Amino acid sequence: MISRWYKKSLYREMIFKMVVFLIIPFLIMIGIFYGKLLRDGEQSYRNATNLVVEQAESERIGYITEILKVADRISSNSALKGFLLTKYSYRNWNYYSDEITRMVSGGLSYENRIIPKIYFENSTIPRGYNMFYHLDDISSLEPIAAFMASSRTEQWVTPSMAEAYSAKASFTPFSDHYTYMRKVFSDQHVLYLLTLSVERKKMDSFLYPDHQQEPAAAPQIVTTSDQLLINYTGEQLDMDGMTANGSYDIRTISFEKMRFPQKITYIWKPSSQRQYYLFGFVLLLAFGFFSIFINIQFVRHIFSQILSCINKFGDSVKNGCYEPL
């Protein structure tokens, strides 16, 4: 009979070598490959979310930059200032209708996306051309009165701010518009108020996806005077839940350097790749342990047959009989 120690050592050696040189390397290779797929998937997810954020940021910056440049061109026009300082007479009509309107329109970009309005204090000049108005026409409006009484020289009015106004002037496109207001001075006295407005659908076109997009994919939009929150989690969240819950990916774009008051905050659920990784890792471990168990049983079965044959062969030699094994 083969010694019990030899049987166990040979059996354990076979199991050890099979596990170390076959099963474990296989599991390591599968784990490395799976980890690579996970990293690639997460990188693709981050690239997609970053692209959405960058497009929104680029679009906003483009409009804000354009509005500020137009405001600089119009407010620095000395001929316009001179006209608004002069007492108006009917002889100035052609100059008003042709030259002055062209000066203001010429300050706009070629795309004509901005709506200019000029509210002047010179009551002798008539209103006209859907562009020129008296300052008294809007001085009673809450945002205008507060702005004119303040020491600020410029201010933005966002659509959410306009919703709170009790009164609206049809010639002031606050509703569903972003409006930039600037005081223009002459000898430290306000000569006129310049407003430049852009439709929200143009400035925030990223909020109006293609009509072919699935309705379920549309985000939840929450707007305040200083923040625009875009919720892509698929859950209806309140303001506090969007900003304070640490289980979401949050990206915020600020335009403070451009003097624009409203931030854009995107909210997503974290990448589901990690959930897939955890699930796959558990399956991989289960598969590994199951493989080890099956191999141990297989080796045990083969080894028991080999030992049975060896023992019978030893008994035959010892007893001098040669029975079929």
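Leaving aside neighbours within four places in sequence, Thr101 is in contact (heavy atoms within 4.5 Å) with Tyr96, Tyr129, Met131 and Phe132. Thr101 is found in helix 3 (residues 93-106), helices (H or I, at least four residues) and strands (E, at least two) being DSSP runs numbered from the N terminus. With a relative accessible area of 12%, Thr101 is buried, where buried means under 20% relative accessible area, exposed over 50% and partly exposed in between, with a 1.4 Å probe and protein chains only. This is a predicted model, in which local features need pLDDT of at least 70 and side-chain atom pairs count only at pLDDT 80 or more, whereas totals for chains, interfaces and linings use all residues. Residues are numbered from 1 along each chain as its sequence is written, and side-chain values use heavy atoms, with hydrogens and water left out.

**Confidence**

- The protein chain has a mean pLDDT (the predictor's confidence in each residue, from 0 to 100) of 76, and 75% of its residues reach 70 or more.
- Among the elements of the chain, the lowest mean pLDDT, 54, belongs to helix 7 (residues 239-244), and the highest, 92, to strand 2 (residues 132-134).
- Where pLDDT is low, the predicted coordinates should not be read in detail.

**Helix 4**

- Pro143, Ile144 and Phe147 are buried in helix 4 (residues 142-149); seen down the helix axis, the buried residues fall within an arc of 95 degrees, so they line one face of the helix, the arc being that of the directions from the axis to the C-beta atoms.
- The face turned away from this buried side carries the exposed residues Glu142 and Ala149, while the cover over the buried residues includes strand 3 (154-157), strand 4 (177-186) and strand 5 (189-199).

**Salt bridges**

- A salt bridge is a side-chain nitrogen of Lys or Arg within 4 Å of a carboxyl oxygen of Asp or Glu, and by this rule the count comes to eight.
- Arg60 and Asp204 meet in one of them (2.9 Å, N to O); the pair links distant parts of the chain, 144 residues apart, with Arg60 in helix 1 (residues 4-75) and Asp204 in the loop between helix 6 (200-203) and strand 6 (220-223).
- Arg60 counts as buried at 0% relative accessibility, Asp204 is likewise buried at 0%, and Arg60, Arg200 and Asp204 are linked in a network of salt bridges.
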